[in-house]
Amino acid sequence: MNRRELLQCAAILVSGVSVSRLGFSLSDEQWTYLANAPDYIARTPAYLSPSQREIIAVIADIIIPETDTPGAIAAGVPRYIELMAADWLNDQERGIFDAGVAYMETAIPEEYGLPFVQLNPPQQLQILEAMEAQASDSSWYELGNVQRDFVSDAPFICQMKELTIWGFFTSEVGVTQVLQYDPMPMHFDGDTPLGPDDSSSPEFLI
Amino acid sequence: MATGTDPMIAAQHIDFDAIVIGSGITGGWAAKELTEKGLRVLVLDRGKNIRHGTDYLGEHAPDWKAPFQDKPDRELFAREYPLQSKNYAFSEFNRQFWNNDRDNPYISNPEKPFEWFRADAVGGRSLLWGRQSYRWSEQDFKSNSDDGNGIPWPIGYTDLAPWYSHVEKFAGISGQAEGWPELPDSEFLPPMNSFALERTIKQRLAKKAPDLRMTIGRSAVLTRDHNGRSACHYCGPCHRGCSTGSYFSSQSATLPAARATGNLTLKSDAVVERLIYDEQSGKITAVQVIDANSGERHSYSARLFFLCASTVATTQLLLNSGSDKFPNGLANHSGALGQHLMDHLESTPVVGIFLDDMDRYYFGNRPNGSYIPRFRNLPGQDADSEFLRGYGFQANVLRANWKMAYNQKGFGADLKDALRKPGFWIWALTGFGECLPRPSNRIALDHSKLDRFGIPQVSIEFDWSDNEQAMWKDMNQQSARIMKAAGAVFYQGMGDTNTAIGGGAIHEMGTARMGNDPAQSVLNAHNQAHDVANLFVTDGSCMTSSSCVNPSLTYMALTARACDYASKQLAAGAI
């Protein structure tokens with residue numbers, strides 16, 4: 001039996017085990033083997049309307065498009081954004097998100113005569129770039145401001161970029177098809193060649 | 001005072017030769033050594049029962065399986081883990097190992113704050129530790145007597161050297177033998193490989209800062225199969241638990257060895273409330289234990305008692321085990337118990353950016369850095385320095401990736417391409433400095449505030465002395481010199497003002513110190529309480545000074561040495 005088979009067996013053995021919670025604040029869900037758990041985005045979001053979902057998907061696709069590798073849509077990023085908006089953002093952040101969605105849904109058609117998702121791609125990009133220009137004073141853009149949980153007062157466009165990029169590069173598609181990923185390297189070599197088009201490894205070293 | 005026959009305590013008279021309280025680094029070693037000497041041992045841990053391998057729930061789990069794809073659960077962490085979640089190793093992938101802060105409060109003076117990072121699982125912090133393993137030097141054991149701070153150590157390097165070897169051969173320490181007196185070599189497994197950048201920096205330092213030495217981190221991570229445990233597979237985050245046992249923990253190494261003797265009984269969820277002292281015999285006769293789940297009380301009797309519960313918890317237990325004979329805490333005729341709390345002065349990271357070796361990369365995730373050992377105030381040098389003792393730098397290499405630049409402007413294919421490719425190299429230095437033992441840094445009980453078991457909470461006060469303030473400034477200057485010599489194109493310094501909080505290095509120690517003088521110390525040269533012959537304390541609380549190197553290896557060696565002594569004393573009828 002090799003190591004991967006061993007881990008799979010361990011995962012099957014442990015999944016569904018219940019453990020006494022008395023005195024401790026562990027969730028029941030935690031007592032499952034995470035590697036064997038459903039993907040985070042496997043759950044069904046119910047926060048946005050169908051037309052709002054389309055807007056979010058178009059924005060995510062503009063931020064991380066399909067190129068010679070898959071993009072945000074294939075990685076399930078729109079679903080990630082909706083789940084995070086519902087379950088993870090705090091009230092202040094959710095208020096900014098909701099207002100941003102409402103702006104895209106109502107103000108943009110008033111100004112351009114068509115819903116955002118029906119505009120042509122250069123127009124859509126121009127709108128997002130204008131939003132980014134307007135947001136450029138936000139501390140979200142400060143050099144090195146990445147080692148934190150979230151910037152609570154960040155404008156909608158920054159929220160969309162952060163959730164899209166994070167959702168993409170932590171997704172199975174992004175990690176396994178865009179980055180260099182080997183979950184079981186078996187050895188360490190600190191002096192391998194790096195080509196000009198090579199991707200990075202998904203993990204920081206610790 | 002209560003004895004083992006208190007009718008309020010459920011009668012459950014199970015006799016053991018020895019009881020070990022705590023199953024972390026030192027408790028695991030005490031269990032192994034004592035059971036292998038033929039003693040029947042009960043190990044008690046307040047934490048939940050984590051099973052090696054099968055309960056490492058986050059091991060090898062990719063980000064896309066984690067709640068929120070590993071964005072932290074802010075609401076939960078703030079409510080249940082406001083302190084523990086500050087630690088770099090804390091995440092949803094290993095939350096089951098950590099202490100719940102809300103359920104287990106302690107008191108920290110806001111003017112003199114102290115952070116108590118705590119595990120809550122069998123195996124304790126040995127599941128979570130950084131695995132860096134360094135011997136103390138001869139000089140380290142002499143520092144107190146040389147400069148008059150604290151009291152002299154009752155032992156020296158030669159007393160401990162064979163026990164370092166003993167624990168290293170079992171645990172497995174990878175590293176490079178160097179022959180440096182300030183950092184004695186261990187019994188090494190082969191060293192881990194280096195990054196190209198580390199070799200570049202090492203060559204530059206040899207030319208531009210020849211007083212410095214740099215070596216691969218000495219780590220309790222296996223570089224080849226060892227004692228039935230597998231060589232590291234370089235997946236990266238050790239602190240999620242390692243089912244191949246590639247890093248040393250009680251779970252992977254010492255507890256299985258103890259179990260194999262047939263002499264081990266291990267009870268999880270067992271909160272030790274107090275030790276029962278018998279005035280007639282002058283010994284501990286039993287421990288009083290509360291079941292963390294049911295709240296039921298039991299007592300267990302034994303002939304020998306090892307306290308390995310971690311510095312703060314061991315001190316709390318001794319303070320809470322007072323009696324008519326020991327009104328200020330068990331084995332505390334000296335009054336030293338609870339005083340002289342130390343931690344290491346851990347700097348903020350000094351982060352340097354390097355554009356060397358940009359066409360080189362790495363394969364695998366090395367769970368180890370490199371080390372620049374103490375180079376200040378070594379014997380015969382730096383007589384003009386403005387501080388006593390010294391510090392070392394731990395150095396880590398990172399290659400920037402999307403996580404360091406996701407807040408940039410732009411959209412589309414160019415942004416995606418920029419994010420997927422590696423950025424510059426980073427080499428980060430973190431200083432760890434020796435802290436002086438001072439009576440004002442102390443742990444006490446607050447009888448007005450009880451925890452959920454009715455045990456008085458500990459109240460901790462800690463601040464840095466002028467010596468550590470001066471040491472910080474020196475670290476700041478020297479780290480800048482090192483970054484320049486190493487060839488950083490830019491570096492972010494640690495600043496001139498000490499921002500460290502006591503406990504932050506998680507190297508707390510010193511509150512039941514060893515010493516030859518029973519009027520000034522709690523423990524003798526064999527970690528035996530001066531006042532109580534069958535009581536031994538071998539966790540960090542026994543430390544008389546703090547050195548600047550990571551302490552766990554020294555705790556292991558002291559524990560094995562104390563177990564040898566105690567079992568011989570027991571056999572000779574002296575205990």
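Which residue stands opposite I107(B) in β18(B)? Point 3 takes this up.

1. Basis. This is a predicted model, in which local features need pLDDT of at least 70, side-chain atom pairs count only at pLDDT 80 or more, and totals for chains, interfaces and linings use all residues. Residues are numbered from 1 along each chain as its sequence is written, chains are lettered from A and ligands numbered from 1 in the order in which they are written, and side-chain values use heavy atoms, with hydrogens and water left out.

2. Chain A. Its secondary structure comes to seven helices and one strand; helices (H or I, at least four residues) and strands (E, at least two) are DSSP runs, numbered from the N terminus. The order from the N terminus is α-α-α-α-α-α-α-β. Chain A has 206 residues, and 48% of them are buried (under 20% relative accessible area; exposed is over 50%, partly exposed in between; 1.4 Å probe, protein chains only). The pLDDT, the predictor's confidence in each residue from 0 to 100, averages 86 in chain A, and 83% of the residues score at least 70. Residues 1-30 of chain A stay under 50, and the model has 53 contacts for them beyond four places in sequence. A contact means heavy atoms within 4.5 Å. Of the contacts in chain A with a separation of 6 or more, 60% come from residues 24 or more positions apart.

3. A sheet in chain B. Three strands form an open sheet in the order β3-β18-β17, with mixed pairing. Two strands pair if DSSP finds at least two bridges between them. The edge strands β3 (107-108) and β17 each pair on one side only. β3(B) and β18(B) pair in the parallel sense over two bridges. S459(B) is the residue opposite I107(B). β17 (residues 442-450) and β18 (residues 456-461) of chain B are antiparallel, over six bridges. There, L445(B) has V458(B) as its bridge partner. Five residues lie between these strands in the hairpin, where G454(B) takes a positive phi near 85°.

4. Helix α7 of chain B. Nine of the nine residues of α7 (residues 311-319) are buried, so the helix is largely enclosed by the rest of the structure. Among them are T311(B), T314(B), T315(B) and Q316(B). The buried residues of α7(B) pack against β1 (15-21), β8 (270-278), β10 (297-307), β17, β18 and β20 (535-537) of chain B.

5. Nonpolar cores. A core is a set of buried Ala, Val, Leu, Ile, Met, Phe, Trp, Tyr and Cys residues joined through side-chain atoms within 4.5 Å. The largest has 140 residues, of which W427(B) and L535(B) touch the most other members. A second, separate core of 54 residues includes A60(A), M131(A), M160(A) and F411(B).

6. Backbone check. Most residues other than glycine have a negative phi. D70(B) is not a glycine, yet its phi is positive, about 75°. D70(B) sits in the loop between β2 (41-44) and α2 (74-80) of chain B. Y234(B) also has a positive phi, near 55°. Y234(B) lies in the loop between β6 (215-216) and α6 (250-260) of chain B. Y234(B) is buried, with a relative accessible area of 9%.

7. Cavities. The whole structure has four cavities of 30 Å³ or more. On a 1 Å grid over the protein atoms alone, a cavity is a set of points where a 1.4 Å probe fits but cannot get out; lining residues have an atom within 4 Å of a point. The largest cavity has a volume of about 110 Å³, the space filled by probe spheres set on the points. Of its 15 lining residues, the closest to its centre are H233(B), C235(B), P237(B), C238(B) and C242(B).

Note on methods
1 Å grid on protein atoms, 1.4 Å probe; cavity = no way out; pocket = protein on both sides within 12 Å on 5 of 7 lines; lining within 4 Å.
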